[in-house]
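Please open the structure in your viewer and keep the sequence panel at hand. The stops below proceed selection by selection.

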Amino acid sequence: MAEEKESTSIPLSQGDNASRDDPEDPAKSPPSSPNSSTRRACCFVLQSWVSKKFMTGCVVLFPVAVTFFITWWFIQFVDGFFSPIYSRLGIDIFGLGFITSLAFVFLIGVFVSSWMGATVFWIGEWFIKRMPLVRHIYSASKQISAAISPDQNTTAFKEVAIIRHPRVGEYAFGFITSTVTLQKDNEDEELCSVFVPTNHLYIGDIFLVNSKDIIRPNLSIREGIEIIVSGGMTMPQLITPVERATRPNERISLNRIG
């Protein structure tokens, strides 16, 4: 019996010694030196600084890269209209087709502005509006192009408008498209049809707002479109109503939406 006790006690003592000598045990591992802690702190600071500067470079270069890519794609796209014609003539000059396309668009604008050009355009539009599927695409595209057209016709956006929506204390940007008179028993009320985009420019809501409740800022149609498309990032810090533009002491500031 004594021999069996001695044989069973030997592995237990060896196990205790092994647990004390285990270098992977965090409780028994020797304390780290000050040099290793300083080294880890320096590595962390350097990694954070590199990551921050790298993200700053990405933020700066991203809009530049996107602008360059879209511009380059647009030049190649427009240049492709007339460059095959020059290639057949043996003329291989990059950008010549792009310049020709711009000149062609300018001549089309001059031609359509005349009486004969307007008549030809009206006939072509009449045929397009008779096509089953093409007429819907053409109508939507025409409404968007008419909004930024320099010729203020009946279908273009008239003015940039700011209305109180959806609740008191909040405002929404929109465009005045037309005016309508609401007949009542007592008196007629003049209302403005305000288009408030909810998905860039081609989808939105129509509100009939009293003309007295509309704030008309000193913003052009193009500036209003830029504000909508950019998601409010081009919003000016100070907005002045048109009726108060001549009185600088009575300016109002509107908080950014969102």
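How far does helix 4 (residues 115–128) reach from its first C-alpha to its last? In this predicted model, the 14 residues of helix 4 reach 20 Å, close to the 20 Å expected at 1.5 Å a residue. Select Ser114 next, which caps the N-terminal end of helix 4. One of its side-chain oxygens lies 3.3 Å from the backbone nitrogen of Gly117.

**The whole chain**

Now display the chain as a cartoon and colour it by secondary structure. It comprises 6 helices and 4 strands, and from the N terminus the elements follow the order α-α-α-α-α-β-β-β-β-α. Of its 258 residues, 21% count as buried. Among contacts between residues at least 6 apart in sequence, 31% join residues at least 24 apart.

**Confidence**

The chain average is 76, and 74% of the residues score at least 70. Select residues 1–24, where the pLDDT is below 50; beyond near neighbours in sequence, this stretch has 5 contacts in the model. Then select residues 245–258, over which the pLDDT also stays under 50. Here the model has 17 contacts beyond four places in sequence. Where pLDDT is low, the predicted coordinates should not be read in detail.

**The annotated spans**

Select residues 54–75 and 95–123, which an unreviewed UniProt entry annotates as "transmembrane region". In the model, residues 54–75 are 100% helix and 0% strand, and the end C-alpha atoms of this span lie 31 Å apart. Residues 95–123 are 93% helix and 0% strand, with end C-alpha atoms 33 Å apart.

**The nonpolar cores**

Which residues have the most contacts inside the largest nonpolar core? Select Val160, Phe173, Phe175 and Ile221; the core has 14 residues, and these four have the most contacts inside it. The elements that give two or more residues to this core are strand 1 (159–164), strand 2 (171–182) and helix 6 (221–229). Helix 6 gives the most, with 4 residues. For the second, separate core, which has 9 residues, select Ile163, Ile176, Val196 and Val209, which are among its members.

**Arg216**

Move to Arg216, in the loop between strand 4 (203–210) and helix 6. Is Arg216 buried or exposed? Its relative accessible area is 19%, which is under the 20% cut-off, and Arg216 is therefore buried. Show its side chain together with Glu159 and Ser211. The side chain of Arg216 makes a polar contact with the side chain of Glu159 at 3.3 Å. The Arg216 side chain also reaches the backbone oxygen of Ser211, at 3.4 Å.

**Arg164**

Finish at Arg164, which is located in strand 1. Which residues is Arg164 in contact with, leaving aside its neighbours within four places in sequence? Select Glu170, Tyr171 and Asp213 to display these contacts.

Technical notes:
Residues numbered from 1 in each chain as written. Predicted model: local features only at pLDDT ≥ 70, side-chain atom pairs only at ≥ 80, totals over all residues. Heavy atoms only, no water. pLDDT = per-residue confidence, 0-100. Contact = heavy atoms within 4.5 Å. Core = buried A, V, L, I, M, F, W, Y, C linked by side-chain atoms within 4.5 Å. Buried < 20%, exposed > 50% of the residue type's maximum accessible area, 1.4 Å probe, protein only. UniProt positions renumbered as here; feature names shortened; annotations may be inferred. Expected span 1.5 Å × (residues − 1). Polar contact = N/O pair within 3.5 Å; in protein donor to acceptor, adjacent residues only side chain to side chain.
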